[in-house]
Amino acid sequence: MEEKLVYIDGEFYKKSEAKVSVFDHGFLYGDGVFEGIRVYNGKIFKCKEHVDRLYQAAKAIYMEIPISKEEMIEALKKTCRVNNIKDGYIRLVVSRGVGDLGLSPTKCPKPTIVIIADSIVLYPQEMYEKGMKVITASTRRNSPQCLDPQIKSLNYLNNILAKIEANMAGVPEAIMLTQDGYVTECTGDNIFIVKDGELITPPVYLGALDGITRRTVMKLAKDLGIPVYEKVFTLFNLYNADECFFTGTAAEVIAVTEVDGRKIGNGEVGPITKKLMEEFKKLTLVDGVDIYD
Ligand code: PMP
């Protein structure tokens, strides 16, 4: 198999030779932003939404991305084409760039842009059919007053600490709470519950990423006539929900059938979750920016 090619600042390098400086503040401080994007059927799913979110995150951290959004989309398409990725995952990273050892970004004249396109398998198919068991992490999600989770930054240590708790509990994901104990999101996914036919997800201002899959699923649900609410809820509400599922670019839509040893509903993938999984799958095949256009 031929080595994959990685885009770095406008050039392509073989995977084994794709390197950035150890003086890049992305490496030294986690200073930068990123996106994870799916390619389905030769089309970049929700391409504009991901690029918009990246530029918004960059703005929030006071970083100017040195190419336009249109150029960025062309670079994403080209990276898929040169690697013949028609179904896969794109990791787009923009770090603060090379500077000195100090924290100050003023010493970093130009952000580094990296695009990796590769295949992806996240969870086994069986998990999509039967749902997953998860835990609540004791590590609280970063508060928006400290580092707003709406900024998809390279600083993922908060999520990684919760992920380690999941690993130690032998489950694939962990639910995170706010400082006040409200359910907010997971280490790499948003969370939804279904109660009495209504779909509920925590508001992003609570401290969650404004997930693109989240937004997509909310729209699909509304189109199906399912009432959708962004509402604060607790673990009590979660344990007593009829259904629960996670959404994310990598995970897509996946049912959660057990949280902290409590069965959710009857412990099987619920009917609303199943319907939304199907509708989401259908949408991925038709929506998106063609990599050959
Ligand atoms: N929350 C966090 C912390 C994430 O890292 C992700 C994955 N990007 C999500 C939620 C889901 O967002 P999206 O649907 O845009 O992938």
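What is the handedness of the crossing of α2 and α3? The legends below take up this crossing and other parts of a predicted model.

**View 1. Confidence in the predicted model.** This is a predicted model, and the mean pLDDT of the protein is 97. A pLDDT of 70 or more is reached by 100% of its residues. For the complex, the predictor gives an ipTM of 0.99 and a pTM of 0.97.

**View 2. The crossing of helices α2 and α3.** Helix α2 covers residues 47-60 and helix α3 covers residues 69-82. Their axes come within 10 Å and cross at roughly 125 degrees. Angles of 65 to 115 degrees count as roughly perpendicular and those over 145 as roughly antiparallel, so α2 and α3 are oblique to each other. The crossing of α2 and α3 is right-handed. On the α2 side, the contact is made by Cys47, Val51 and Tyr55. On the α3 side, Lys69, Met72, Ile73 and Leu76 take part. By class, this contact of α2 with α3 has six nonpolar residues, one charged residue and no polar ones.

**View 3. Domain 1 and domain 2.** The protein is divided into domain 1, residues 5-118, and domain 2, residues 125-285. The C-alpha centres of the two domains lie 26 Å apart. In domain 1, 22 residues are in contact with eleven residues of domain 2.

**View 4. The side of domain 1 that touches domain 2.** Two or more residues on this side come from each of β3 (32-40), α2 and β5 (88-95). Strand β3 gives the most, with eight residues. By class, this side of domain 1 has nine nonpolar, seven polar and six charged residues.

**View 5. The packing of helices α6 and α8.** Helix α6 (residues 212-223) packs with helix α8 (residues 271-286) at an angle of about 110 degrees. The axes of α6 and α8 are 10 Å apart. Because angles of 65 to 115 degrees count as roughly perpendicular, α6 and α8 are described as roughly perpendicular to each other. The crossing of α6 and α8 is right-handed.

**View 6. Residues between α6 and α8.** From α6, the residues in the contact are Thr216, Val217, Leu220 and Ala221. They meet Leu276, Glu279, Phe280 and Leu283 in α8. By class, the contact of α6 with α8 has six nonpolar residues, one polar and one charged.

Terms used: Residues are numbered from 1 along each chain as its sequence is written. This is a predicted model: local features need pLDDT of at least 70, side-chain atom pairs count only at pLDDT 80 or more; totals for chains, interfaces and linings use all residues. pLDDT is the predictor's confidence in each residue, from 0 to 100. Axes are lines fitted to C-alpha atoms, for helices over the stretch in contact, and angles run from 0 to 180 degrees between N-to-C directions. Helices (H or I, at least four residues) and strands (E, at least two) are DSSP runs, numbered from the N terminus. Angles under 35 degrees count as roughly parallel, over 145 as roughly antiparallel, 65 to 115 as roughly perpendicular and the rest as oblique. A crossing is left-handed if the near helix is turned anticlockwise from the far one by less than a right angle, and right-handed if clockwise. Two residues are in contact if their C-beta atoms, placed from the backbone, lie within 7 Å. Ala, Val, Leu, Ile, Met, Phe, Trp, Tyr, Cys and Pro count as nonpolar, Asp, Glu, Lys and Arg as charged, and the others, Gly among them, as polar. Domain bounds come from an automatic or database domain assignment.
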